[in-house]
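Please keep the sequence and the three-dimensional view at hand while reading.

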Amino acid sequence: WESVSMINFNHLKEAKMSYLKHGARALYLSSILIFISFIAFIHAFIPFIFYDTVSSLIKDLNKEIQQA
């Protein structure tokens with residue numbers, strides 16, 4: 001958490017995205033993260049299902065973010 005910066009006024013320029021494109025991508029990623037957290041919540045109570053799903057989805061999502 002120490003290296004997390006909360007404010008960067010140059011973020012859109014650095015990401016090379018328009019405001020709308022960035023907003024759409026952020027909403028897309030947040031919806032995926034909500035889905036993953038729902039799966040993790042279910043797994044917490046029923047550990048024999050979704051046993052590898054959350055970590056696999058997070059790895060896939062990380063690859064997608066790194067490629068962008």
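## The largest pocket

The largest pocket has a volume of about 210 Å³. On a 1 Å grid over the protein atoms alone, a pocket is an open set of points where a 1.4 Å probe fits, with protein on both sides within 12 Å along at least five of seven lines, and lining residues have an atom within 4 Å of a point. Grid points are joined across faces, edges and corners, and the volume is the space filled by probe spheres set on the points.

The lining consists of H11, A15, M17, H22, R25, A26, L29, I65 and A68. Helix α2 provides the largest share of the lining, 4 residues, and both α1 (11–15) and α2 supply at least two residues each.

## Basis of the model

The model is predicted: local features need pLDDT of at least 70, side-chain atom pairs count only at pLDDT 80 or more, and totals for chains, interfaces and linings use all residues. Residues are numbered from 1 along each chain as its sequence is written, and side-chain values use heavy atoms, with hydrogens and water left out.

## Overall architecture

The protein chain contains 3 helices and 0 strands, arranged along the sequence in the pattern α-α-α. Helices (H or I, at least four residues) and strands (E, at least two) are DSSP runs, numbered from the N terminus.

The radius of gyration of the protein chain is 15 Å, whereas a compact globule of 68 residues would have a value near 11 Å. This radius is taken over C-alpha atoms, and the globule rule is 2.2 Å times the number of residues to the power 0.38. Along the principal axes, the C-alpha atoms fill a box of roughly 45 × 25 × 20 Å. Of the 68 residues, 9% are buried; buried means under 20% relative accessible area, exposed over 50% and partly exposed in between (1.4 Å probe, protein chains only).

The whole structure holds 1 salt bridge, that is, a side-chain nitrogen of Lys or Arg within 4 Å of a carboxyl oxygen of Asp or Glu. R25 and E64 form this contact through their side chains, at 3.8 Å from N to O. Because R25 belongs to helix α2 and E64 to helix α3 (residues 53–67), the pair ties together parts that are 39 residues apart in sequence. E64 is partly exposed, at 28% relative accessibility.

F41 is exposed at 52% relative accessible area, and F45 is exposed at 62%.

## Positive phi in the loops

Most residues other than glycine have a negative phi. K16, which is not a glycine, has a positive phi of about 55°. K16 is placed in the loop between α1 and α2 and is exposed, with a relative accessible area of 74%.

F50, also a residue other than glycine, has a positive phi near 55°. F50 is found in the loop between α2 and α3, and its relative accessibility of 31% makes it partly exposed.
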